[in-house]
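Work through the exercises below with the sequence and the coordinates at hand. Try each task before reading its solution.

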Amino acid sequence: MSIQRSSFNMSKISIQHLNLWYGEKHALKDTNLEIEENKITAFIGPSGCGKSTFLKTLNRMQDYVKGVRIEGLVSLDGEDIFGKGVDPTLLRKKVGMVFQQPNPFPMSVYDNVAYGPRIHGIKNKKKLDEIVEKSLKSAALYDEIKDRLHSSALGLSGGQQQRLCIARTLAVEPEVILLDEPTSALDPISTSKIEDLLMELKNKYTIVIVTHNMQQASRIADKTAFFLHGEIIEYGDTEKIFSFPEDKRTEDYITGRFG
Ligand SMILES: Nc1ncnc2c1ncn2[C@@H]1O[C@H](COP(=O)(O)OP(=O)(O)OP(=O)(O)O)[C@@H](O)[C@H]1O
């Protein structure tokens, strides 16, 4: 594996010849991508083109879907995520995920954030207090809700709930954060807060975001991949993809001619 490792130097996650089938449906077709560390990578493309499927493969969420068949290589820091010795739970600790709809657990704000660390064996109250405070601060939520730590998370606004979900992800100290349309259910102010937060978090984490919002991709992403019919048509610096796309299909999509 040493030869492969050296070629992965620049990327946090390397995807090579990844194919995925849902039963007979060929949803990802020989996709290749190098996801760079401490950058925001956006996946764009019309509905049903495979963005979420690709994203979920990166932390083996597809393990839960019946009838899925995967071929190809996905490696995190040079290690095959489908390798024999890999524990999917530990993989998901390293590669956390935030979904489209904020999905806090029906429990207090505190317990939501402490949930992951507790599962991973942290019982000490002082240590948990520290983790909860640090995670909420990192998710730019602490000041707004520090007096409501023991109230139900379901009482927070949608935007606050989504930042809580980000805090919950941060609490287990991931290296990569995957976000599947994290702002599509939010108002513009909450959206802008999450975007600012992601720009801040990329200094410590590698971030991958699926978005239907072109402005959002161009505002926050360093790199953009354009998906179409299960293929990655074009990938590169966001500025270049939006200003000088090389493929006519990318150009048609970003200029709103289809999709
Ligand atoms: N669990 C599943 N079983 C069967 N087919 C699926 C499953 N999940 C997704 N698909 C199909 O795979 C293709 C890719 O879906 P996917 O959700 O990855 O697209 P997407 O680009 O994320 O779409 P959207 O932007 O609408 O969320 C679609 O044709 C979809 O119907």
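The model is predicted: local features need pLDDT of at least 70 and side-chain atom pairs count only at pLDDT 80 or more, while totals for chains, interfaces and linings use all residues. Residues are numbered from 1 along each chain as its sequence is written.

**Exercise 1.** List the residues that surround the ligand and sort the shell by element and by class.

Solution. A residue is near a molecule if its C-beta atom, placed from the backbone, lies within 6 Å of it. The ligand is surrounded by Tyr22, Lys25, Ala27, Gly45, Ser47, Gly48, Cys49, Gly50, Lys51, Ser52, Thr53 and Val65. Strand 2 (25–36) and helix 2 (51–57) are the elements giving two or more residues to this shell; helices (H or I, at least four residues) and strands (E, at least two) are DSSP runs, numbered from the N terminus. Helix 2 gives the largest share, three residues. By class, the shell has four nonpolar, six polar and two charged residues, with Asp, Glu, Lys and Arg counted as charged, Ala, Val, Leu, Ile, Met, Phe, Trp, Tyr, Cys and Pro as nonpolar, and the others, Gly among them, as polar.

**Exercise 2.** Trace the pairing partners of strand 4.

Solution. Two strands pair if DSSP finds at least two bridges between them. Strand 4 (residues 68–76) runs antiparallel to strand 1 (residues 11–22), joined by eight bridges. Arginine 69 in strand 4 stands opposite tryptophan 21. Strand 4 also pairs with strand 5 (residues 79–80) in the antiparallel sense, over two bridges, and leucine 76 stands opposite glutamate 79 in strand 5. The hairpin of strand 4 and strand 5 has two residues between the strands, and aspartate 77 takes a positive phi near 50° there.
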